[in-house]
Protein chains: 2
Amino acid sequence: MELTQRKRQILKVVVEDHIRTAEPVGSKTIAAEMTGKVSSATIRNELADLTEMGYLEQPHTSAGRIPSPKGYRFYVNELMESQALSEDERVRIDESLQLRGGEMDRMMTQAGKALSSIVNYPTYMATTRKRRLTVRRFDLLGVDGGNCIAVVMMSNDRVKSQLLQLQLDVTAEQLPILVNLLNTHFVNISVSEMSQKLMSVAEQIPPQLFLLLSQAVNYAAELLEEADKREIVTAGASQLLKIPEFRDADKAHDLMSFLADSKESLPVLDDGPMKILIGPENVDEALKDTSVIIASYDIGDDMRGLIGVVGPTRMDYATVAARLSGFAEGLTRMFGKNLPPKEDTEQ
Amino acid sequence: MELTQRKRQILKVVVEDHIRTAEPVGSKTIAAEMTGKVSSATIRNELADLTEMGYLEQPHTSAGRIPSPKGYRFYVNELMESQALSEDERVRIDESLQLRGGEMDRMMTQAGKALSSIVNYPTYMATTRKRRLTVRRFDLLGVDGGNCIAVVMMSNDRVKSQLLQLQLDVTAEQLPILVNLLNTHFVNISVSEMSQKLMSVAEQIPPQLFLLLSQAVNYAAELLEEADKREIVTAGASQLLKIPEFRDADKAHDLMSFLADSKESLPVLDDGPMKILIGPENVDEALKDTSVIIASYDIGDDMRGLIGVVGPTRMDYATVAARLSGFAEGLTRMFGKNLPPKEDTEQ
DNA sequence: TTTAGCACTCCGGGAGAAGGAGTGCTAAAC
DNA sequence: GTTTAGCACTCCTTCTCCCGGAGTGCTAAA
């Protein structure tokens, strides 16, 4: 059944009022805020309908109405006016994106904190890789003491290296042979192919060289796996305690430990630029009465980042969504130009 | 003025009872728990003395006594019996130290979480370097497209590398010259000496080579500075909400945002194996009514780690101290053997 | 010096009571 | 047929009052 225009307007007022005040909304308040002139009695009739249809709830008989998850969903889908960012907000976001570079996860934490202070809710950030990484190039550098440095350049132009400790001596002439072997057989293949290949060459070269070879290959495999792992960081959890819904220590505790210890089960965004999950739409029990808004951004051409906001179902969806997508765009911009030597030079 | 034996015993009972129950302790309770038989009236006289001397406080006239910071300090210095770890606890600690390796700060976070779940308070971890790092060895590897990989081995045997993007072509013959230059003039010196040296060689080599040289040196300098920076991570902040003292959302919020955003001003341990800071002994306003216990451990020969526990002044000092030092010893042991290729092979 | 006894203080919890916000229904007005 | 005024009713919240209990400090006796 369709909602009449007036019902829609009433629902909108209820949701927005409740978002603002965190209190149940009464018929009188609604009447005052409605543009079309109707009495509170009329509103009451409509409220009864909306409640029966499941868009609103009543904490107890003589209280006003609060939106149900279904009501919020309808609001988000149909009633919410998508907000433009104010100049102030835009400036604030741009400023907060002046992150100092460095390790990826440190940048993520910084960005998460920044967003958190912009939306006043906890946030989380994750990255996923668009393509599988491979090794593009190996090098081995001899060091005194029979040790050796392995240098691995990956398909995203990142270079990593580690000292390999060998018990045995490998002469200077043997290294180029190994390097050649590595660059012939172990580049541009997956981790599992690597280990197959490793077995197949095992008998073709002397054992002590094979030891070194396998160390180098294993190091590379570790790197690829490490880089492929989804990394999630959360920030701004303490913001929760300022929200009326979470002033109760036990409730806050549950959600905060979830954010700290079960990051992996935070919802993700499979496609599209943004997703909003309202209350029970979340699969995870701990998020059943929170809402989550997720947006994605690009980290160069190679990776995709995901940034989410966790708040009460009584979240200011319009504002948060606007700020979040502004922030995500800012991140895309930032990673587009600021990281040339690292991630975005895939060609 | 010295405390009589009986006063000491009473103080001990008050502190330990209050630690256990979080409630003010009355004279009758004390009398029941004292071994020497005295009446509650006698205890009351003693309590009055102890209060006047500043060891105890009275929330209001007709309440029992709680320890003052001075009282806790006396307890910690003189009365507390240092606990031995039970077999269970020892096993638990050892189990929790089965960290999967990886990046340093990820290990720190894991360890912090583990400790936090052992002591049931928030924790923080930091590292400091015992000696200044320098570069031990440079390498440059040519890549197609006029680019070049810089490989830097530091004095702690860590090897890092990055792709340097050059606009210009550097021929294969020129690289060894540069590498030689780097390994002659830029190893084993401090960052500031590096930039001096860089200026002094500026005119001795062709400009396009100098460009590459300076990129490599700057990369190394960044690495050293990055590695020298004190890194602090906190964990288990949500534990706070289970503590009666922090059930108040505002109090919890203040401390939690402090832990999240002002990590740098958490107290450190300059020497000695352990330090206990009680309430107002903390310089930072946010910690004025919390206590902090800090211990240190070794990360190989080269670095020192610091691990702290933040809790209410009504903390179980004996138990926490025992678990903390057990944990710190465990960390030292772990870093002593588990990280051979990384940090502990300084010779 | 210790202890029993006692009056006193103060907190915490429970019971009303008052106030207020909001509802649902009815009957009249539009 | 919709809308609205009016009104009784419900239920929450807040306040106050009161009481019981825990604990104290003091006094006087052991």
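This is a predicted model: local features need pLDDT of at least 70, side-chain atom pairs count only at pLDDT 80 or more; totals for chains, interfaces and linings use all residues.

Guide: Residues are numbered from 1 along each chain as its sequence is written, chains are lettered from A and ligands numbered from 1 in the order in which they are written, and side-chain values use heavy atoms, with hydrogens and water left out.

Visitor: Which element gives the largest share of the surface near DNA strand C?

Guide: Taking near to mean that a heavy atom of the residue lies within 4 Å of the strand, 20 residues surround DNA strand C, among them A:Ser27 and B:Thr42. They divide into four nonpolar (Ala, Val, Leu, Ile, Met, Phe, Trp, Tyr, Cys and Pro), four charged (Asp, Glu, Lys and Arg) and 12 polar, the class of the others, Gly among them. With helices taken as DSSP runs (H or I, at least four residues) and strands likewise (E, at least two), numbered from the N terminus, the largest share, four residues, comes from α3(B).

Visitor: Which side chain has an N or O atom 3.3 Å from a base oxygen of DNA strand C?

Guide: Of the atoms of DNA strand C within 4 Å of the protein, 77% belong to sugar or phosphate and the rest to bases. A polar side-chain atom of A:Ser27, for instance, lies 2.7 Å from a phosphate oxygen. The side chain with an N or O atom 3.3 Å from a base oxygen is that of B:Arg44.

Visitor: How are α1(A) and α3(A) oriented to each other?

Guide: Two packed helices are described by the angle between their axes and the distance between the axes. The axes, lines fitted to C-alpha atoms over the stretch in contact, with angles running from 0 to 180 degrees between N-to-C directions, come within 10 Å and cross at roughly 85°. Since 65 to 115 degrees is the range for this class, α1(A) and α3(A) are therefore roughly perpendicular.

Visitor: Is B:Ser291 buried or exposed?

Guide: B:Ser291 is found in strand β9 (residues 290-299) of chain B. Buried means under 20% relative accessible area and exposed over 50%, with a 1.4 Å probe and protein chains only. Because its relative accessibility is 0%, B:Ser291 counts as buried.

How values were computed: A polar contact is a pair of N or O atoms within 3.5 Å; within protein, one must be able to donate a hydrogen and the other to accept it, and residues adjacent in sequence count only if both atoms are side-chain atoms. Angles under 35 degrees count as roughly parallel, over 145 as roughly antiparallel, 65 to 115 as roughly perpendicular and the rest as oblique.
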